[in-house]
Amino acid sequence: VQLQASGGGLVQAGGSLRLSCAVSETRSNYHIGWFRQAPGKEREFVAAISWSGDYTYYADSVKGRFTISRDNAKNTVFLQMNSLKPEDTAVYYCAATTGWGSHNVADFRFWGQGTLVTVSS
């Protein structure tokens with residue numbers, strides 16, 4: 001499966017952005033996750049959604065501010081980011097896995113190229 005993330009940009013603190021992840025196929029029941037990597041830091045989990053879209057889970061740092069959703073008819077997963085903070089600045093990646101419930105980078109087999117989100121204070 002191939003993934004392509006888009007929608008990043010520059011936004012002021014408190015603002016919103018919506019990221020999109022185009023997925024080449026949905027028939028293989030891949031769960032999709034969003035991760036982010038800030039300069040000098042390790043890549044970290046942000047949110048994930050089941051292949052059906054019925055189940056989601058989030059990192060504590062974004063819970064209540066970010067919402068993950070998917071439209072399988074359009075083969076797209078979204079990450080709506082509200083109340084953005086400067087510490088949300090990072091390159092955001094979407095990734096696919098067949099296993100449910102992991103926060104680990106190593107458990108996601110397929111990765112998109114990343115999109116940069118910059119939040120100014």
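Which side chain of opposite charge is nearest to Arg 70, a residue that is buried yet has no salt bridge? The structure examined here is a predicted model, in which local features need pLDDT of at least 70 and side-chain atom pairs count only at pLDDT 80 or more, while totals for chains, interfaces and linings use all residues. Residues are numbered from 1 along each chain as its sequence is written, and side-chain values use heavy atoms, with hydrogens and water left out.

Arg 70 is located in strand 7; strands (E, at least two residues) are DSSP runs numbered from the N terminus. The nearest oppositely charged side chain is that of Asp 71, 8.4 Å away. In this count Lys and Arg are positive and Asp and Glu negative, with His and the chain ends not counted. Buried denotes under 20% relative accessible area, exposed over 50%, and partly exposed the range in between (1.4 Å probe, protein chains only). The side chain of Arg 70 makes a polar contact of 2.9 Å with that of Asn 72.

Four salt bridges were identified, each defined by a side-chain nitrogen of Lys or Arg within 4 Å of a carboxyl oxygen of Asp or Glu. Glu 44 and Arg 36 are paired at 2.6 Å, N to O; Glu 44 is partly exposed at 36% relative accessible area, whereas Arg 36 is buried at 6%. Another salt bridge joins Arg 65 to Asp 88 at 2.7 Å. Because Arg 65 lies in the loop between strand 6 (56-58) and strand 7, and Asp 88 in the loop between strand 8 and strand 9 (90-97), this pair ties together parts 23 residues apart in sequence. Arg 65 is buried at 11%, as is Asp 88 at 1%. Arg 36, Glu 44, Arg 65 and Asp 88 are linked in a network of salt bridges.

The largest nonpolar core contains 36 residues, and Leu 3, Ile 32 and Trp 34 are among those with the most contacts inside it. Such a core is a set of buried Ala, Val, Leu, Ile, Met, Phe, Trp, Tyr and Cys residues joined through side-chain atoms within 4.5 Å.

Technical notes. Helices (H or I, at least four residues) and strands (E, at least two) are DSSP runs, numbered from the N terminus. A polar contact is a pair of N or O atoms within 3.5 Å; within protein, one must be able to donate a hydrogen and the other to accept it, and residues adjacent in sequence count only if both atoms are side-chain atoms.
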